Amino acid sequence: MTKQIVFIGQISDKEKTAWITSIQAQLTGVNIIAYEALSPEQKLNIEVAIVANPDPKQLTELPKLVWIQSLWAGVERLVSELPNTKFDIVRMEDPNLAETMAEAVVAWTFYLHRDMPKYLQQQRQKIWRELDLVELKDRRIGILGLGILGSTSTKKLRLNGFNVTGWSRKLASIEGVQCFNGKDGLQKVLTQSDILVSLLPLTHETQHLLNDHNLSLLPQGASIINFSRGKVIDEKALLSHLESGHLNHAVLDVFKIEPLPVDNALWESPKVTILPHISAPTNTRTASKLVAKNLLNYFDTGEIPNAIDRTKGY
Ligand code: NAP
């Protein structure tokens, strides 16, 4: 019998149709229905939902829901908005997305390493001045979060010759990289990072982890890249460390409020590069294949893909 699953997402109709068409093309025996087209009877029997920024209320209207497959890698909002629901949350774990993120981390690390923001400012002021060139092996990069995205980025940075240290909850082991964990470990990574990259999920423990105190541990002239979630950094504290001259530059792809409000002071700072949450978008082609594989395997074996651990929050 044909299985029915639902697609729930607060995305444009065009995007919704593209996703459904792309995933459906790889499925036999499974029919994807948009939430809006579900009958009340169908709602009672749905076991699996594919979600893209869903309205949590719609998920609670499916009493037999066993698991949901997110099309995005970050599921922080879902975890916080659906704390008491029983279904599993499976996020996008696509090696292609990890490669895209690693490419972004390497690109923006080089941007900071080769002082591009300073040369841009010099050009605007018609200043012809050579800045000191630091060798790659002497440029210390600290990566916070060594999960799927952090570990892939770390390896790419190493391949490019950077000196990399990393921090995670459990002690990780990555060839050529000094890894740390715990509070003392964080202090070590912070005090020796010329460029600090956040690839940490947002949880109760990581919210404002980069607060005034922890930012003050970074070396004089250090820079920051935040490609994970805005609330990992205390934006006010960051601005004050940039304005005081302690920190050199921040490349921010994620913010406390997105889109970043026009009156936010970060827009005005020459020491901030603002990106509109583009460091690692989901790739429809590779993600559709992965989702179809997860669905077929579930209906074949009953196996739910690797789900997030609600007690840890990621
Ligand atoms: P992941 O595989 O779950 O890895 C998370 C990493 O953070 C793990 O190494 C984990 O430690 C570490 N961590 C979590 N809480 C910690 C804590 N309290 N102390 C120390 N380390 C902690 O996640 P991922 O796939 O790499 O993705 C990371 C985040 O990137 C996502 O949550 C999402 O917010 C963000 N993201 C952003 C974009 C974008 O376009 N900007 C795109 C995709 C994802 P353990 O290894 O010990 O568990």
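This is a predicted model: local features need pLDDT of at least 70, side-chain atom pairs count only at pLDDT 80 or more; totals for chains, interfaces and linings use all residues.

The side chains of E205 and R169 form a salt bridge, at 3.5 Å from N to O; the term requires a side-chain nitrogen of Lys or Arg within 4 Å of a carboxyl oxygen of Asp or Glu. This pair links distant parts of the chain, 36 residues apart: E205 lies in the loop between β9 (195-198) and α9 (212-216), and R169 in the loop between β7 (163-168) and β8 (178-181). Helices (H or I, at least four residues) and strands (E, at least two) are DSSP runs, numbered from the N terminus. E205 is exposed, because its relative accessible area is 55%, whereas R169 counts as partly exposed at 41%. Here buried means under 20% relative accessible area, exposed over 50%, and partly exposed in between, with a 1.4 Å probe and protein chains only.

Residues are numbered from 1 along each chain as its sequence is written, and side-chain values use heavy atoms, leaving out hydrogens and water.

A second salt bridge joins E81 and R77, at 2.6 Å from N to O. Being four residues apart in helix α4 (residues 76-81), E81 and R77 are separated by about one helical turn.

The count comes to 10 salt bridges. Turning to the whole, the protein has 11 helices and 12 strands, and buried residues make up 48% of its 314 residues.
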